[in-house]
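Please look over the sequence and the model before reading on.

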Amino acid sequence: TMDPESPIYQIWQKARDITNIVFIIFMLVVIYSQITGLGIDNYGIKRILPRLIIAVIMVNLSYLISAVLVDISNIIGAGIMDVFTKIQNSIVVPGDPFNDISWSQLFGHLSVGAATIWGISVAASGAGNIFWMLGIALIGALISVAIGLVTISLRQGVVLILIMIAPLAFVAYLLPNTEKWFTKWKNILGQMLIFYPMFSFLYGASKLAGWA
């Protein structure tokens with residue numbers, strides 16, 4: 001949300017204010033070095049100034065940029081799910097129990113299926129190998145869904161934290177020695193934003209394939 005009363009926005013605002021103070025101090029160091037010839041040399045100043053300008057702009061726009069990227073990720077993810085749901089609904093069979101199944105229901109069905117296959121494999125000796133293979137496949141699917149659900153839950157918290165510290169990340173972009181922290185921030189944010197559309201595609205495709 002872009003609501004200025006939002007706690008997320010207020011924390012980001014505090015981080016931005018601290019960052020702007022750092023920019024002022026850094027600019028004073030650059031001016032002092034230019035006047036006295038001490039500190040940063042001319043080559044260093046020419047190299048840092050473009051980064052400084054970019055960082056100042058990005059810091060003050062980082063909340064808006066992050067909000068737009070999150071919206072794009074959510075819209076794409078929801079759109080992908082909607083495509084698979086429409087395909088399924090267009091050929092839905094009345095009374096189909098697999099229609100509109102929820103996350104928790106899918107997790108429960110996989111759990112029951114894995115337990116059932118395991119029980120049958122213990123009771124049936126001849127076909128045990130086949131049942132074990134099916135059981136392993138179901139257990140693998142169960143673990144995958146569990147990991148996906150946990151990651152989806154953690155994603156929101158991680159994205160919010162990354163947005164709140166966005167100004168500090170762009171400050172790290174200034175110097176070559178600290179640029180690695182900006183790169184890590186950018187990579188984690190990118191992974192969290194891409195994860196939702198990817199998981200939506202895998203979940204939607206798996207649900208449709210299972211229904212079919």
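## Phe-26 and its surroundings

Once its neighbours within four places in sequence are set aside, Phe-26 is in contact with Ile-48, Leu-52 and Leu-175 in this model, which is a predicted one. The C-alpha atom of Phe-26 is also separated by 9.9 Å from that of Leu-174, a residue 148 residues away along the chain.

Phe-26 has a relative accessibility of 15%, and therefore it counts as buried, the cut-off for that class being under 20%.

## Helix H1

Phe-26 belongs to helix H1, which covers residues 7-36 and has 30 residues.

Along H1, the buried residues are Tyr-9, Trp-12, Ala-15, Arg-16, Thr-19, Phe-23, Phe-26, Val-30 and Ser-33.

## The cavity

The structure has one cavity of 30 Å³ or more, and the space in the largest cavity comes to about 30 Å³. Helix H2 (42-90) and helix H6 (179-211) are the elements that each give two or more residues to its lining, with H2 providing the largest share, four residues.

The residues that line the largest cavity are Met-81, Phe-84, Thr-85, Gln-88, Gly-204, Lys-207 and Leu-208. Sorted by class, this lining is made up of three nonpolar, three polar and one charged residues.

Terms used:
Residues are numbered from 1 along each chain as its sequence is written. This is a predicted model: local features need pLDDT of at least 70, side-chain atom pairs count only at pLDDT 80 or more; totals for chains, interfaces and linings use all residues. Side-chain values use heavy atoms; hydrogens and water are left out. On a 1 Å grid over the protein atoms alone, a cavity is a set of points where a 1.4 Å probe fits but cannot get out, and a pocket is an open set with protein on both sides within 12 Å along at least five of seven lines; lining residues have an atom within 4 Å of a point. Grid points are joined across faces, edges and corners, and a volume is the space filled by probe spheres set on the points. Ala, Val, Leu, Ile, Met, Phe, Trp, Tyr, Cys and Pro count as nonpolar, Asp, Glu, Lys and Arg as charged, and the others, Gly among them, as polar. The expected span of a helix is 1.5 Å times one less than its number of residues. Buried means under 20% relative accessible area, exposed over 50%, partly exposed in between (1.4 Å probe, protein chains only). Contact means heavy atoms within 4.5 Å.
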